[in-house]
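Work through the exercises below with the sequence and coordinates at hand. Each task is followed by a solution in steps.

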Amino acid sequence: MATDDLKPTTPASDKNKATVEALYSALALGDSDMVAKLLASDLEWWFHGPPCCQHMMRVLTGESDYSEFTFHPRSITAIGDDCVIAEGWEGAQSYWVHAWTLKNGLITQFREYFNTWLTVREVSSPRWEVRRASHTLWQSRKRELFDLSLPGLLLAI
């Protein structure tokens, strides 16, 4: 499901998507100064997957080199004005999703999902407001020939 069809982009969402694209480019070039400029100093992080697969956090903390597990996003999608989702496949056994939250052009939160299908849904309004149905904003794209049986998670935003 392509979220670009569901919600129009805004200047803020376009800027946030460009920021995340710049992060992946800086990581690929080994430009740690640029990476530091794009991340909040108190970056909040959450991971779902096998502990040995916390690849991006190890890269961001300098524990490992980007070349140990390279992230080549197959898609990067802005969702609303503060969230960007990137996904990719590395080899036949590795599927990953990164959910980035941005505030004022700075990445403030990072959620890493490894070998986990992800569905992002908009949450309903509070009970005191007019209720609207929640709907899917983004969903993992199952790659052909990717026969893994993976757990699925719902991310409510």
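Helices (H or I, at least four residues) and strands (E, at least two) are DSSP runs, numbered from the N terminus. The model is a predicted one.

**Exercise 1.** Determine where S13 is placed, whether S13 is buried or exposed, and what S13 touches.

Solution.
Step 1. S13 belongs to helix α1.
Step 2. Buried means under 20% relative accessible area. The relative accessibility of S13 is 3%, so S13 counts as buried.
Step 3. Not counting residues up to four places away in sequence, A78, G80 and D81 are touched by S13.
Step 4. A polar atom of the S13 side chain lies 2.7 Å from the backbone nitrogen of T10.

**Exercise 2.** Describe the largest nonpolar core and state which elements give two or more residues to this core.

Solution.
Step 1. The largest nonpolar core has 26 residues. Those with the most contacts inside it are V20, L23, Y24, L27, M56, L60 and W100.
Step 2. Two or more residues each come from α1 (11-29), α2 (32-38), β1 (39-48), α3 (55-60), β3 (83-89), β4 (95-103) and β5 (106-114).
Step 3. The largest share, five residues, is that of α1.
Step 4. Another core, of 13 residues, lies apart from this one; I79, C83, A99 and V120 are among its residues.
Step 5. Take M56 from the list in step 1. Leaving aside neighbours within four places in sequence, M56 is in contact with Y24, L27, F71, H98, W100, F110 and E112.

**Exercise 3.** Classify the ring pair formed by Y24 and W96.

Solution.
Step 1. A pair of aromatic rings is described by the distance of the centres and the angle of the planes.
Step 2. The structure holds nine aromatic pairs. For Y24 and W96 the centres are 6.2 Å apart and the planes are at 35°, so this pair is tilted.
Step 3. The pair links distant parts of the chain, with Y24 in helix α1 and W96 in strand β4, 72 residues apart.
Step 4. Both Y24 and W96 are buried.
Step 5. One aromatic cluster is formed by Y24, F69, F71, W96, W100, F110 and F114.

**Exercise 4.** Characterise the largest pocket by its space and its lining.

Solution.
Step 1. The space in the largest pocket is about 230 Å³.
Step 2. The lining has 14 residues, of which L27, S32, V35, V59 and G62 are the closest to the centre of the pocket.
Step 3. At least two lining residues are supplied by each of α1, α2 and α3. The most, three residues, come from α2.

Terms used:
Residues are numbered from 1 along each chain as its sequence is written. This is a predicted model: local features need pLDDT of at least 70, side-chain atom pairs count only at pLDDT 80 or more; totals for chains, interfaces and linings use all residues. Side-chain values use heavy atoms; hydrogens and water are left out. A nonpolar core is a set of buried Ala, Val, Leu, Ile, Met, Phe, Trp, Tyr and Cys residues joined through side-chain atoms within 4.5 Å. Buried means under 20% relative accessible area, exposed over 50%, partly exposed in between (1.4 Å probe, protein chains only). Contact means heavy atoms within 4.5 Å. A polar contact is a pair of N or O atoms within 3.5 Å; within protein, one must be able to donate a hydrogen and the other to accept it, and residues adjacent in sequence count only if both atoms are side-chain atoms. Rings of Phe, Tyr and Trp (its six-membered ring) pair if their centres lie within 6.5 Å; planes under 30 degrees apart count as stacked, over 60 as edge-to-face and the rest as tilted. On a 1 Å grid over the protein atoms alone, a cavity is a set of points where a 1.4 Å probe fits but cannot get out, and a pocket is an open set with protein on both sides within 12 Å along at least five of seven lines; lining residues have an atom within 4 Å of a point. Grid points are joined across faces, edges and corners, and a volume is the space filled by probe spheres set on the points.
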